Amino acid sequence: MAKKGFTVTDHRSGKSYDYPTVESSRGPKGVDFRSFYKDTGCFSYDPGFTSTASCKSSITFIDGEKGELRYRGTPIEKLATEHSYLETCFLLRVGRLPSEEELNHYDLELRHRSFIHEGLRNLFDAFPQEAHPMSTLSSAVAALSSFYYEHLEMNTEEEYREMARRIVAKMPTLAAFAYRYSKGIPFIYPDIERSFTENFLYMMRAYPGGKMHIDPEGERLIKPIEVKALDTIFTLHADHEQNASTTVVRSVASTGAHPYVAISAGISALWGRAHGGANESVIEQLKMIGSVENVDAFIAKAKDPDDPFRLMGFGHRVYKNFDPRAKILKSLQDQLKEELDMDNNLMRIAARIEEIALSDDYFVSRKLYPNIDFYSGVILTALGIPRSMFTPIFVIGRTIGWVTQWIEFKKDAEQKIVRPRQIYVGP
Ligand code: SDX
């Protein structure tokens, strides 16, 4: 009978070992290597896990070759253009889009949980004022575990739901507090009469006492187009299967630690410029390049194997085509050009980089395309968001993904504590 799965032959002994496939509903299948070390006395070697599946998951699907992204089977293009971020959060957590009644109830649940314990508010005073908001945010989220210690042990669906609602609802408040602290201005508490996304802009921009400055010509401090743009940005960042920070969240979940310290670890991992920190680095890089005339010189640096310089916002471990989120942000940027004060110089530099990179063989041969971070920075800048808050905004969007992945890990009977091995090359 034809053998199933895969056979590995150890040519030193001539022995062969069979390994069953792990079926997928879409995308690559797996090879079940769990007994490989016991069978062969050898480890599989895969630094960066480029060919390794750490789990089975039904949350997010990515097809890197096609540049396709789906949350619970729904294409990101549909969610970003036809649905709100809160609908996307419900979809990720529950597995389907909410009814209008369910959405209103979820919205109210989050509004009521957006407040922070006063004790946690004092944590910020321990930081130097120039502390990067990502350091205060990751610390505040870790500290949150001591205010909701009961989430260390959860058994019922309602307990999981409550833990998830709290962290999703409080992240914008903590991020806004981190920003206000870095500016030395009084914190603005959540306003439960405002939607999730508008409330974040309100907590970032309102004057002390919560007054919204109404300009003489009636121009409100927060325009509806800004709320819609930021809401779309949150949706695009909501989840992305087993990326570096999600892998960290799952690894911390595997030791039995509190869910909020797992998410705090995810925030720390996301901060790196190779990951979520790239959005802040992209703008720094565009400003450093300074003008379209300088682009060619920096492209040459990016291509030089001896030069560690990399084009921030380019390349992706999975996407070997345009990042679909980048495409959506690019069209959003074009829509906003009239409405918001976009930095045309930065956009011209970005457009020139993209034009060269999409034709230059160095990038084409390595399938390096703009990723989500390449475009988000220009839009966030146009929304008046300071660069230091770009990655905290990524955190706000991604929190629903992290907590959903954390819960899926906890419910996966095949999972156990993460403990990879090594190839020892020491003395
Ligand atoms: C995010 O994983 C996720 O899903 C992440 C994310 C999410 O939603 O969670 O999508 C969000 O983190 C997007 C990525 C943001 N990071 C950046 O934009 C930083 C710049 N990009 C690179 O550092 C890099 O492309 C990575 C980290 C994104 C991917 O790295 P890989 O898959 O490990 O690729 P690699 O380092 O093996 O590079 C392959 C080749 C190398 O050249 P050779 O050694 O083959 O000659 O491509 C080159 C690299 O030097 N290369 C680049 C480059 N990225 C890769 N060369 C110049 N500029 C770049 N940006």
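**View 1. Helix α6 against helix α11.** Helix α6, residues 133-147, packs on α11 at an angle of about 170 degrees, and the two axes are 7 Å apart. Axes are lines fitted to C-alpha atoms, for helices over the stretch in contact, and angles run from 0 to 180 degrees between N-to-C directions. The model is predicted: local features need pLDDT of at least 70, side-chain atom pairs count only at pLDDT 80 or more, and totals for chains, interfaces and linings use all residues. Residues are numbered from 1 along each chain as its sequence is written, and side-chain values use heavy atoms, with hydrogens and water left out. Helices (H or I, at least four residues) and strands (E, at least two) are DSSP runs, numbered from the N terminus. The angle makes α6 and α11 roughly antiparallel to each other. Angles under 35 degrees count as roughly parallel, over 145 as roughly antiparallel, 65 to 115 as roughly perpendicular and the rest as oblique. On the α6 side the contact is made by M134, L137, S138, V141, A142, L144 and S145, and on the α11 side by Y260, V261, I263, S264, I267 and S268. Contact means heavy atoms within 4.5 Å. By class, this contact of α6 with α11 has 9 nonpolar, 4 polar and no charged residues. Ala, Val, Leu, Ile, Met, Phe, Trp, Tyr, Cys and Pro count as nonpolar, Asp, Glu, Lys and Arg as charged, and the others, Gly among them, as polar.

**View 2. Helix α7 crossing helix α11.** The axes of α7 (residues 157-183) and α11 (residues 259-270) come within 11 Å and cross at roughly 40 degrees. At that angle α7 and α11 are oblique to each other. The crossing of α7 and α11 is right-handed. A crossing is left-handed if the near helix is turned anticlockwise from the far one by less than a right angle, and right-handed if clockwise. From α7, the residues M163, R166, I167 and M171 meet P259, Y260, I263 and I267 of α11. The residues of this contact of α7 with α11 divide into 7 nonpolar, no polar and 1 charged.

View 3. Helix α15 (residues 344-357) and helix α17 (residues 372-382) have axes that come within 11 Å and cross at roughly 165 degrees. This makes α15 roughly antiparallel to α17. The crossing of α15 and α17 is left-handed. M347, A350, I353 and E354 of α15 make the contact with F374, Y375 and V378 of α17. The residues of the contact of α15 with α17 divide into 6 nonpolar, no polar and 1 charged. E354 is found in helix α15. At 11% relative accessibility, E354 counts as buried. Buried means under 20% relative accessible area, exposed over 50%, and partly exposed in between (1.4 Å probe, protein chains only). Not counting residues up to four places away in sequence, E354 touches F314, F322, K330, P370, F374 and Y375.

View 4. A238 lies in the loop between α9 (224-236) and α10 (244-254). The relative accessible area of A238 is 0%, so A238 is buried. With neighbours within four places in sequence left aside, A238 is in contact with Y71, Y85, T88, L92, G397, R398, I400 and G401. The C-alpha atoms of A238 and T88 are separated by 7.9 Å, although these residues are 150 residues apart along the chain. E241 also has its place in the loop between α9 and α10. E241 is partly exposed, with a relative accessible area of 25%. Phi of E241 is near 45 degrees, a positive value in a residue other than glycine.

**View 5. F49 in the loop between α1 and β5.** F49 lies in the loop that runs between α1 (36-40) and β5 (60-63). For F49, phi is near 55 degrees, which is a positive value in a residue other than glycine.

**View 6. The cysteines C55 and C89.** C55 has 17% relative accessibility and therefore counts as buried. C89 is buried as well, with a relative accessible area of 0%. The structure holds 0 disulfides, a disulfide being a pair of cysteine sulfur atoms within 2.5 Å.

**View 7. Y424 after helix α18.** Y424 lies in the segment after α18 (390-410). With a relative accessible area of 55%, Y424 is exposed. The C-alpha atoms of Y424 and T255 are separated by 24 Å, and the two residues are 169 residues apart along the chain.
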